[in-house]
Amino acid sequence: MGDDAALEAFRADAREWLAENFPPPLAHKNPVPYQNDAPYAEADPDWQLWRTRMAERRWGAPGWPEIYGGAALDAPRVRILAEEMRAIGAFNPMKMTGYTMLGPTLLEFGTEEQRAQHLPGIARGTVRWCQGFSEPGAGSDLASLSTRCIDAGDHWLVEGQKVWTSGANHADWCFALVRTDTTAKQRGISFLLIDMRSEGVVTRPITLISGSTHFCEMFLNAVRVPKGNLVGRVNEGWGIAKRLLQFERDSLSEGRGEGASLLPLARSRVGTDGVGRIADGDLRSRLVAHAMRAHAYNLTMTRLAAEAKAGSAIDALVPVVKTLGSDVAQARADLAMEIYGDRGLGWTGADYAPDELDVSHQWLHARAFSIYGGSYEIQNNIAAKRTLGLPDPASAR
Amino acid sequence: MAVLSDEQGMLRDMAAEWVRDRAPISAFRHVADAGGAYDPALYAEIAGMGWAGVLVPEAHGGANFGVLGLGLVLEELGRTLVASPLLSTAAIGASALRLGGSARQQAAWLPRIASGEVTVALAIDERGRHDPAHIGTRASRDGDGWRLDGIKAPVIDGGAADLLIVAATIEGGEATLFLVAPDAKGVTRMAYCRIDGRDAAQVRFDGVAVDGEALLAGGAGLIDRVLDHGRAALAAEMLGSATQAFETTNDYLKTRVQFGQLIGSFQALQHRAVAMLAELVMTRSAVEAALAAIDADAPDQAALVSLAKALAGDTFRLCAREMVQMHGGIGMTEEHDAGLYYKRAAAADAFLGNSAFHRERYARLGGY
């Protein structure tokens, strides 16, 4: 069987299996609440069923080796599987912080013991991870972080505070950046895996402008961590973190240009003029401009994926794609709210339909797109330096 | 850059090399200073490389290599603003004859297009606007032939073209295209001198008699498809020009010193440079998709072409504007190249429908 025929056979198998196993009530649901909010997901029997089936089929981490719970699929098959899922409105229930960020990092930098201990739980979706990077004094300037990690002989002793830790209140484990040398900046940072059940770990949710309590503060009070939980070598965590942040940016750029067209919504809620155009001419112009940018963004994602497959290095464009993606998604949220008019300003209560409440909350949530995972400004700094080769800004102090 | 076949990669490399050796931007200045619209000797070289016949079938002496191939060449030529009738002849003229020409018309013109012997111009715009849905020029029945009346302006590459393809509305019918010799009785050409230094003219048709063989079959649908070949090819040329404007500017940020520092170390300029890069990334995606869609005769080709032309217009104008601004005073001088890109960006944007035209076309195609 030729390559193409084998891939098409795989596509047919995948389609059939998905049709039989994906619970229809989950179709086209926003995966974000499931992936972010453990109680929300655990309370939904359809989600539980879907997670279990995907875990058994090993398609939650389809490209990972089988010994770690994956299906060892090659890149074309992983892509086909994703396409077939998208076609029926399905999503990968394992696609959480552990899968998108820590998994690839451990595959690249972890010891055999660390991989064997942690990857299967991620692939099965039974262990939730959070990312302990930002601190009150280390946001965009992440490398200035100050959570101390002291060698206490047979264990590490960790003391400090993290913030903006997504899902920390429901996480089982945390991968954290900690300071092992106070005399160096980047070269004094190490990468540590912390069991959230350890004594001294305290989390506190932060309420955001959207009402979400997904982000947390995390306090680490004299937490004892086994020596074997350090990934890579002492003081070499910054390089690992930069690689991991690339995985994060990749995952943050996915799907930014997607979502149902705003056109039918605009036609029904705003109305049309005598020749069938959206009645509000100014809104129409901006909707079209947005649709064109979303179109070009999706073409860009397709083009870069094809180029990467053909062996071109596209890493240099990752920060640019991230900012383009957050622009597109934020513009969409703004326009959706405008189309809904007063119905897009609801906060809570039975006066508002679920889709109406979703519009206002998505609009608020969307501001985070250009802040988390490296703000818009930080992405531009990275692109200026690495992609365009522009010189470092002169020291401000 | 799209994933190219070996042949496509070779074609692009050949074009890049030729531009570097034979048509640096100084060549464009030379032509402009001499008061010409283009250098016939340079166009003979272009045709000699086979580029005038990229869309021409092999049976008529061409390469039949697709509009993506032609786009790769034009992108390279766009880098140094090469002035030539290649786009009008090889993208618009060749596609009009391929899509609407009879066997006899094709045999008469396509080999001469491929060889570089004739150049072509599309006479469609009137009163200075691109509005192909409203063609005022009339075609009246006259025995077995037609009489054409109207004024076309601007006709890009029309001052020197050897063959005019004229859009005219048939009385009681729709618009279609006619082949007209520029030396026919009743044709008057008046050359314009425009900011970009390229060939453009007003062409009057006063009772111009043409025979029945002059009509290209296909009507408004043909006009749309021919225009889209030209628009996609033009967007590729504009992408090349915008990319060069950006790269020249980015290099300047790494050499110019003020306040004791390279100006490229200033964050305000860095972020604007990245903004240009982001627009170039998006524009390249749209241009390559439009060219590929035409070659595949895909159902969404019209929307993709309008997307590409709109982005190319906005992006080229952005990069050229920033090129002037970031170069400061030197960017305002005639001696520097920035002004050449700035002027060409405006003229290229207007040609075959500006960004606003294509946003509106995209909107109508999408049901907005």
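Me: How many cavities of 30 Å³ or more does the count come to?
Reply: Five. A cavity here is a set of points on a 1 Å grid over the protein atoms alone where a 1.4 Å probe fits but cannot get out. The model is predicted, so local features need pLDDT of at least 70 and side-chain atom pairs pLDDT 80 or more, while totals for chains, interfaces and linings use all residues. Residues are numbered from 1 along each chain as its sequence is written, chains are lettered from A in the order written, and side-chain values use heavy atoms, without hydrogens and water.

Me: What volume does the largest cavity have?
Reply: About 140 Å³, counted as the space filled by probe spheres set on the points, which are joined across faces, edges and corners.

Me: Which residues are closest to its centre?
Reply: S84(B), D157(B), R198(B), E237(B) and R344(B), out of 17 lining residues. Lining means an atom within 4 Å of a point.

Me: Which helix gives the most to that lining?
Reply: α5(B), with three residues. Helices are DSSP runs of H or I, at least four residues; strands are E runs, at least two.

Me: And the second largest cavity, what lines that?
Reply: I92(B), L122(B), I124(B), D125(B), H130(B), P154(B), I156(B), F351(B) and L352(B). The volume is about 70 Å³.

Me: Switching to chain A. How do β2 and β3 run?
Reply: Antiparallel, joined by four bridges. Pairing takes at least two DSSP bridges. I150(A) stands opposite L157(A).

Me: Which residue in that hairpin takes a positive phi?
Reply: G153(A), near 85 degrees. The hairpin has three residues between the strands.

Conventions:
1 Å grid on protein atoms, 1.4 Å probe; cavity = no way out; pocket = protein on both sides within 12 Å on 5 of 7 lines; lining within 4 Å.
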